[in-house]
Amino acid sequence: ETTTFSDYNEPFRPQYHFSPPANWMNDPNGMVFHKGEYHLFYQYYPDSNVWGPMHWGHATSKNLIEWKNLPVAIAPDSLGWIFSGSAVLDSENSSGLGTAENPPLVAIYTYHNNVKGDAGRIDFQTQGIAYSLDDGVSWEKFSGNPVLANPGIRDFRDPKVTKVEVDGKAMWVMSLAVKDKISFYSSSNLLEWEHESDFNPAWAAYGGVWECPDLFPLQSPNGEQKWVLLVSINPGGPNGGSATQYFVGDFDGETFTTNQEEVKWLDHGTDNYAGVTWSNVPDADGRTIFIGWMSNWDYAQVVPTEVWRSAMTLPRELSLYDEGEELWVASNPVKEVEQLRDEALTIEGEEVALENELLEFSLKPKAGDFSGTFENEFGEILVIGKREDALFIDRTNSGLTNFKEGFASVMTAPLNGLEINEVRIMLDRSSVEVFINDGALAMTALVFPEHPYSKLLLNGFEKENKAYSLKKIW
Ligand code: FRU
């Protein structure tokens, strides 16, 4: 396998987001916190800058900001390519794959086999297991793979395993995307799985296959424990292509139920897909930490980068808030992101000269419409604003757009009367992430300006705004 390393300074190379050293990346996988390190695995094709035979690439971080690249963790074998999945610390050694003294880290992933099975049966996807006894550095495949056979459905993938306590007893629950529903399986040992239930309410967003589910508990503002189910869909997103919807409800160890009756999006932009949360984050931390793939299947393989393709979103903390008698998921950059702040910049007046391409803004809008326009002397313009009760990002003339029909777009998110206190904008070389009111609404978009934006024009904001130049991490 060839992985060439780069200086991380190519045009459009993210400077404070995770991107692979070289070649193709998609979904984040196997995220587990272990012995002071956040492990991040990812869908990786080490031989090309487009999608192909999938491996799990690997990186670790102590602070979710600075990442260390490690060798490929899991590679294809005779059972197939290694698709998306999750990882857990099997602290009681329930699988028997480790010892009581050295419990294993266990990765559960999808095997994607292009070969038709016996008697013409479509046997594309099964679930397999690999384990690590050296804290995630090297991974051994389980000899009894696959652990979950294909029932005769082509799309049967992306196992996300959660440890669930039911009546004081811990068990493993797997959420699996099965065509256009989520199936829940349970296990006491991670090796044998039993089907419990399916979830696919009629009013949910379909439009394409369901992928990359995640099930986790979150406390409501009044202290009640709720369960959140994330489901990525492709296509069918609110602004085209791939996007992640969520459901807030309850889970009793077997069945997920919800009173929700309308589709809710974790991020309204075009470029946050297949995201899931870290497992094994200590209770004392108490956070639910998410990262997404910052791209969209509509154009991911043709974005104008060569050495590598794709980056992750900023890591985000998920929480519940209530609005209009309903519960919603907020996603806000983790507090560690503040470590990126280098210099505080003063904003005076409505025209701000930009001397850095890595920037954070915290803007306070007046009531009514507003806009922040980033531009440069080459006519590249990126507009973020509010118009007619909707937030929008206009990337029509933001830079290179002609690599794919439809990339030059205006994306919108309904505000439903939400009063905006803060517009936080995180700008990197080829992305912008917008967070309203601590992440009550998030919007992520790729942009490819050929020259850094050199000016920001503010329209409709109060005088007290904050801005920072950010550190280059890579
Ligand atoms: C989502 C996805 C997953 C699959 C993986 C393959 O982007 O299609 O469903 O496991 O990518 O790379």
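A: Let's start at a turn. Strands β9 and β10 form a hairpin with two residues between the strands, and aspartate 167 in that hairpin takes a positive phi near 50°. Keep in mind that this is a predicted model, with an average pLDDT of 96 for the protein and 98% of the residues scoring at least 70. For the complex, the predictor gives an ipTM of 0.99 and a pTM of 0.97.

Now step back from the turn to the strands themselves. β9 covers residues 156–166 and pairs with β10 in the antiparallel sense, over nine bridges.

β11 spans residues 181–187 and runs antiparallel to β10, with seven bridges joining them. For a pair to look at here, pick valine 178, which has lysine 181 of β11 as its bridge partner.

So what does all this do to β10? Seven of the 10 residues in β10 (169–178) are buried, so the strand is largely enclosed by the rest of the structure.

β9 also takes you to the ligand. The shell around the ligand consists of Asn26, Asp27, Gln43, Met54, Phe83, Ser84, Thr110, Arg157, Asp158, Glu211, Cys212 and Ala274. β9 is one of the elements that give two or more residues to this shell, along with β1 (23–34), β5 (81–89) and β13 (209–219). Sorted by class, the shell has four nonpolar, four polar and four charged residues.

The protein is divided into domain 1, residues 23–333, and domain 2, residues 337–470. Taken over C-alpha atoms, their centres are separated by 30 Å. Where the domains meet, 27 residues of domain 1 are in contact with 25 residues of domain 2. On the domain 1 side, the elements giving two or more residues are β21 (316–323) and β22 (326–333), and β22 gives the most, with five residues. By class, that side of domain 1 has 12 nonpolar, 11 polar and four charged residues.

Terms used
Residues numbered from 1 in each chain as written. Predicted model: local features only at pLDDT ≥ 70, side-chain atom pairs only at ≥ 80, totals over all residues. Buried ≥ 20, exposed ≤ 12 C-beta atoms within 10 Å, placed from the backbone. Helix = DSSP H or I, 4+ residues; strand = E, 2+ residues; numbered from the N terminus. Pairing = 2+ DSSP bridges. Near = placed C-beta within 6 Å. Nonpolar A, V, L, I, M, F, W, Y, C, P; charged D, E, K, R; others polar. pLDDT = per-residue confidence, 0-100. Domains from an automatic or database assignment. Contact = placed C-beta atoms within 7 Å.
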